[in-house]
Amino acid sequence: MLQIKPIISTLRHNKSGPLLLLLQIILSVAIVANASFIINERVQLMSRESGLVEDEVFDFTVYNFEEGVDYTAQNSRDMDIIRGLAGVKASTTSSMTPLSGGGWSSTFTYGQSEETAKDAPQAAIYYGDEQMVETLGVEMIAGRNFYQSEIESGHPNTANLAIVSQAFATVTWGDEPAVGQTIYAGGYGEQALKVIGVVKTLQGAWVNSSHLDNAIILNVELGLTSFNRFLVRAEPGLMTELKPQIIAALHKENKNRVIDGFTMITEHRKRVYRDHELMATVLSMMVILLLLITSLGLAGMVMFNIERRTKQIGTRRALGAKKRDIVSFFLVENYIICLTGGVIGALVAVQLGRQLMSVYSLPQLELIYPIATVVGLVVLTTVAVILPARKAAKISPAIATRSV
Amino acid sequence: MFFYYLDLAWRSIKKTPLLSLLMVLAISIGIGITITSLNIYQMANINPAGERSSQLYEVRLMSQGLDSWDEINPQITYQDSFNLRKSSIATRQSPMFRTGMAVQTDDDNFVPILEGARVADSDFFGLFSVEFLYGNSWGKQVDIDPAYQVVIREDLNKEVFGGENSVGRTIYLNQKPYQIVGVIKYWNPSPKYYDVNNGAFNDAERMFVPFSLAPIEEFESWGNNQSWKREDIVTYADRLASETHWNQYWVELNTPEQVKEYRLWLSNYIEQQKLIGRFEMPEAKADLSDVATWLKVNNVVPEDNKVLVGLSVLFLIVCLVNMLGLLLAKFLKRAPEVGVRRAIGASRAQIFAQHMVEVGVIGFFGGVIGLLWAWGSLSILSAHFKLEEALTQLGMSMWVLAPGVAIASALIAGLYPAWRICSTNPSVHLKSQ
Amino acid sequence: MLSMKSISKVFKTDLVETHALRDFNLEVKEGEFVAVTGPSGSGKTTFLNIAGLLEGFTHGDYFLDGVNISNLSDNKSAAIRNEKIGFIFQGFNLIPDLNLAENVEVPLRYRGFNAAERKRRVQHALEQVGLAARMKHLPSQLSGGQQQRVAIARALAGEPRFLLADEPTGNLDSMMARQVMELLEEINKAGTTIIMVTHDPELARRAQRNIQIVDGQVCDFTMYQGGAEKPHLVSDTESPSDGQQAQTEQVAG
């Protein structure tokens with residue numbers, strides 16, 4: 001038996017309580033819908049594949065401060081030493097570390113002639129040798145890797161071969177096969193780079209960039225400055241063991257350098273996504289607490305109403321209302337408030353989402369979020385109401401006959 | 001009377017412990033969330049230059065060519081740095097960039113450390129009001145005639161020399177001997193406003209070397225190098241002559257006239273550079289931003305922070321509405337007692353005051369517990385996310401702000417219930433219940 | 001002492017206008033003990049509320065102790081209630097969370113007395129009603145009669161000029177009712193003016209003067225002596241309808 005009419009008249013007589021509950025629900029829906037939307041967006045960002053075997057790869061840097069060192073020759077010697085260590089599966093010098101937040105990137109040009117040349121999108125540039133693909137653990141899906149004999153040493157402008165990520169190939173050439181194409185570093189015709197291979201996924205260093213999936217590996221073992229970076233692949237957990245070995249071996253070769261910065265890619269990932277994870281965590285905290293507070297408020301309100309209406313409930317029971325009717329009275333009353341608040345709240349949520357989108361660089365709120373929130377709210381209302389209302393149903397009809 | 005109300009409030013809170021707990025919980029969670037996000041926001045939003053903020057200006061120059069960058073870049077080229085130093089309008093000025101060097105001492109057992117350093121002119125310390133513990137900056141002459149002199153920070157001095165007055169002693173930077181001329185007190189502005197391009201919340205450098213040494217010692221850039229033009233840069237000289245942006249430039253201008261004069265000088269400079277083929281863009285211009293503007297221009301406060309603060313304020317409002325409902329219920333239940341008090345001679349104002357005190361007490365507890373929440377959540381966040389300490393330290397102002405905001409917002413939430421209870425007609429509740 | 005002239009009180013709702021008091025006139029002299037009777041709904045409580053400054057009125061003039069009460073600010077009327085009037089209710093209306101001493105102390109707090117003066121007066125008032133020994137007890141630990149005596153002590157503590165009692169014995173058995181009544185008579189003898197609303201003709205008879213309120217108007221039985229005599233009608237002429245005339249003829253008791 002749904003007794004909507006008397007319920008509405010009850011609500012109209014005691015405006016302030018229900019009105020406050022309504023306001024609370026409106027705000028909760030608006031906040032929860034937007035917060036969970038942002039949380040989901042961040043979780044999706046964080047779950048993107050980097051293409052790497054992240055738990056096997058780490059990087060470190062070598063700073064040669066001795067004057068008169070031939071950096072190119074020094075790097076080659078260091079490379080051999082590192083590769084000779086037991087436990088090292090593969091290793092390469094690298095201009096940058098994936099997901100580290102810092103590195104090299106550039107735009108390239110491509111096309112059939114100078115007149116029809118186009119700019120390829122921004123891409124991260126990994127300068128490294130024939131072990132780069134194996135070190136990162138990226139999957140070759142077309143063409144081939146560099147041969148050892150093809151690796152140049154020293155300056156970046158000696159590069160002439162490229163392995164590109166699938167994402168970069170698709171944006172640049174569409175359905176055409178990438179292998180065999182030529183891109184130019186700089187203007188058309190300057191420093192031709194021949195594409196010889198495509199890897200399935202390889203991300204750059206900047207996770208907030210829209211070009212994250214565009215990456216290019218070029219065939220140069222860098223050796224230009226005193227500062228050099230190595231990537232090493234080893235079994236998970238082996239970094240702690242290898243670190244002192246690497247430092248000792250390289251210091252044995254030449255004492256005048258600082259060897260530092262050993263970091264797993266998993267750590268880089270954690271750091272580079274930190275702000276997103278932080279945002280998602282704080283917002284999740286907020287959503288949970290908000291739901292808690294709203295349901296406690298709801299339950300508190302129902303308890304208060306029961307206390308106030310004890311006599312009324314007793315009278316109803318005396319007049320033949322079943323326990324079920326009492327519970328459903330409270331349920332329907334709160335469903336009315338909750339649904340009204342939910343609908344208005346959803347509208348406010350959409351509006352708030354629009355504001356956030358226009359003021360900040362947040363994407364547009366998807367409608368499913370306010371809808372899901374309202375559905376969740378109905379479930380929450382049911383639980384928060386049924387528990388105290390069942391207590392109310394136990395009120396004895398005899399209460400009605402007592403005067404105090 | 002206040003203490004009487006306080007006593008009554010305490011009795012009332014004790015009488016309905018569950019309801020009181022619910023209210024305190026609601027407001028404390030609201031305050032906890034708000035203070036957490038506000039703290040992160042405020043710490044990121046601090047203007048570390050203080051009162052100097054409006055006298056220090058970062059110089060930017062639109063030196064890029066046609067069809068390259070659309071906007072004015074936060075850094076400038078070395079050649080522009082070199083030329084700007086020739087102006088004598090500013091009270092103080094310094095070009096700068098970040099580098100790093102291996103540090104060694106005479107002690108053979110000292111394991112070399114790699115240490116970030118700032119390359120700047122002698123004015124740097126005066127510009128940013130850096131205080132010296134021992135010695136002083138290198139002389140002005142060194143800015144013109146390079147000398148191997150260095151200023152180090154207190155804590156580095158402690159690590160290398162055990163904290164004694166090391167002025168006059170020698171350290172080796174990349175194996176070159178440098179004479180220590182000054183030791184500065186601990187100085188680590190957050191955000192690191194003098195160079196926000198390379199991590200606005202990273203630590204400040206602990207070594208400072210003369211800018212004039214750069215061409216000789218070929219200090220590498222440890223910061224962002226931004227190029228709009230493809231240039232073959234092989235040698236250090238190539239880099240110095242290139243169009244790469246990698247220097248920051250700060251000037252101190254104390255009066256509006258000085259600012260005007262300096263702006264004029266800059267636009268003349270741009271005109272002059274146009275004659276030799278640089279500054280190709282027709283709208284090429286110079287820009288001066290004081291510290292506050294500079295932090296804003298560089299979006300030092302992440303947008304996420306602002307969204308969080310906004311949402312947490314809404315959250316607090318929900319908590320208050322929640323509390324308002326509970327208060328209303330609680331107060332109205334007490335109407336008979338209030339009727340007696342009114343009959344006995346309490347005025348409306350006194351009843352109102354009594355209830356506002358009660359709300360204030362609840363707010364105070366909420367604020368204190370909220371502060372604990374905030375402290376806890378900041379500690380957890382900083383431990384879990386390895387946040388910079390600068391961001392998660394509970395700011396001094398928060399210790400006052402949290403209970404303050406809690407009490408104020410509780411009082412606002414209490415206004416309506418207290419008004420309702422004090423304006424009900426007492427006679428209604430006096431007839432035998 | 002108390003003078004009401006042509007007081008009327010109208011309650012308005014959307015649908016009906018109810019005249020709780022109409023052209024109500026009453027003079028009470030200093031030191032009188034007045035009992036007010038009347039059928040329920042006749043306006044007894046409204047009269048008491050207006051007399052006690054708990055409610056305003058629509059028309060007429062009300063002087064209390066020479067002060068014109070019409071249009072007093074809330075603060076002023078609260079102060080008058082506090083200083084000049086003591087209330088005693090049928091339901092005692094002690095504040096359940098406060099012990100006896102604290103209950104008695106409430107009006108003194110609002111008067112702004114210092115702690116020593118409050119203590120002295122509380123002690124004195126509770127001694128007057130014979131409950132000084134139990135001042136730390138909570139109201140719930142007392143019998144109904146004891147509670148009412150505490151309520152009287154609370155009313156006396158501020159040393160009011162007159163007491164307003166609304167069915168003070170209504171919730172008590174006859175033994176206790178007598179005790180309370182004797183206490184009130186003692187207080188009256190000591191000089192406090194008392195106006196008491198009651199249902200109980202036995203009690204009413206013990207007052208110096210009886211007033212009957214019927215349909216918002218006063219029938220005054222000055223020095224009412226016996227049960228059978230016809231009352232002397234004070235207020236009469238302007239009664240609007242015959243029906244009401246007829247009602248006022250009915251003698252209470």
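# Reading a three-chain model, one feature at a time

Mentor: Let's start with one residue: B:Glu218 counts as partly exposed, with a relative accessibility of 43%. Keep in mind that we're looking at a predicted model.

Trainee: Why does B:Glu218 count as partly exposed?

Mentor: The partly exposed class runs between the buried limit, under 20%, and the exposed one, over 50%. B:Glu218 belongs there because its relative accessibility is 43%.

Trainee: And where is the place of B:Glu218 in chain B?

Mentor: In the loop between helix H7 (214-217) and helix H8 (236-241). Check its backbone too: B:Glu218 isn't a glycine, yet its phi is positive, about 50°.

Trainee: Which residue in chain C has a positive phi without being glycine?

Mentor: Take C:Asp23, with phi near 45°. C:Asp23 lies in a strand, S2 (residues 17-28) of chain C. It counts as partly exposed because its relative accessibility is 23%.

Trainee: What else does A:Asn214 touch, not counting residues up to four places away in sequence?

Mentor: Its neighbours include A:Pro121, A:Ala123 and A:Ala124, plus A:Ser165, A:Phe168 and A:Val171. For orientation, A:Asn214 sits in the loop that runs between strand S9 (192-199) and strand S10 (215-218) of chain A.

Trainee: How should I read the nonpolar cores?

Mentor: The general idea is that nonpolar side chains tend to be buried together in soluble globular proteins. In this model, the largest nonpolar core has 79 residues, and C:Leu2, C:Met4, C:Phe47, C:Tyr62 and C:Ile195 have the most contacts inside it. Helix H11 (residues 303-333) of chain B gives the most to this core, with nine residues.

Trainee: What is C:Leu2 in contact with, leaving aside neighbours within four places in sequence?

Mentor: Among them are C:Leu26, C:Val28, C:Ala51, C:Tyr62, C:Phe162 and C:Ile195. There is also a second, separate core of 57 residues, which includes A:Ile39, A:Leu99, A:Tyr126 and A:Val287.

Trainee: How about chain C as a whole: how many helices and strands are there?

Mentor: Eight helices and ten strands. Chain C has 253 residues, and buried ones make up 55% of them. For contacts in chain C between residues at least 6 apart in sequence, 69% join residues at least 24 apart.

Trainee: Let's do interfaces. Which chains share the most contacts?

Mentor: Chains A and B, out of the two pairs of chains in contact. No contact joins chain A and chain C; their closest C-alpha atoms lie 11 Å apart.

Trainee: What should I look at between chain A and chain B?

Mentor: Begin with area and make-up. About 4600 Å² is buried there, and carbon and sulfur atoms give 71% of that. Chain A puts in 53 residues and chain B 50. Then look at the polar side: there are seven residue pairs in polar contact and one salt bridge. The side chains of A:Arg42 and B:Asp304 meet in a salt bridge, at 2.6 Å from N to O.

Trainee: Which helices of chain A each supply at least two residues of the side that touches chain B?

Mentor: Helix H2 (16-46), helix H8 (274-308) and helix H10 (323-359) do. H8(A) gives the most to that side, with 20 residues.

Trainee: And how do I read the interface of chain C and chain B?

Mentor: Chains C and B bury about 2400 Å² between them, with 53% of it on carbon and sulfur atoms. The contact takes 24 residues from chain C and 28 from chain B. The polar tally across it is four salt bridges and ten residue pairs in polar contact. In a salt bridge you can look up, the side chains of B:Arg348 and C:Asp74 meet at 3.8 Å, N to O. On the chain C side, helix H1 (44-51), helix H2 (74-84) and helix H3 (100-111) each supply at least two residues touching chain B.

Trainee: Last one: which residues of chain A does the "transmembrane region" annotation cover?

Mentor: According to the unreviewed UniProt entry, residues 278-306, 326-347 and 367-387. With such a record, compare it with the model. Residues 326-347 are 100% helix, with end C-alpha atoms 32 Å apart. Residues 367-387 are 95% helix, and their end C-alpha atoms lie 31 Å apart.

How values were computed: Residues numbered from 1 in each chain as written. Chains lettered and ligands numbered in written order. Predicted model: local features only at pLDDT ≥ 70, side-chain atom pairs only at ≥ 80, totals over all residues. Heavy atoms only, no water. Core = buried A, V, L, I, M, F, W, Y, C linked by side-chain atoms within 4.5 Å. Buried < 20%, exposed > 50% of the residue type's maximum accessible area, 1.4 Å probe, protein only. Helix = DSSP H or I, 4+ residues; strand = E, 2+ residues; numbered from the N terminus. Contact = heavy atoms within 4.5 Å. UniProt positions renumbered as here; feature names shortened; annotations may be inferred. Buried area = accessible area lost by both parts, 1.4 Å probe. Polar contact = N/O pair within 3.5 Å; in protein donor to acceptor, adjacent residues only side chain to side chain.
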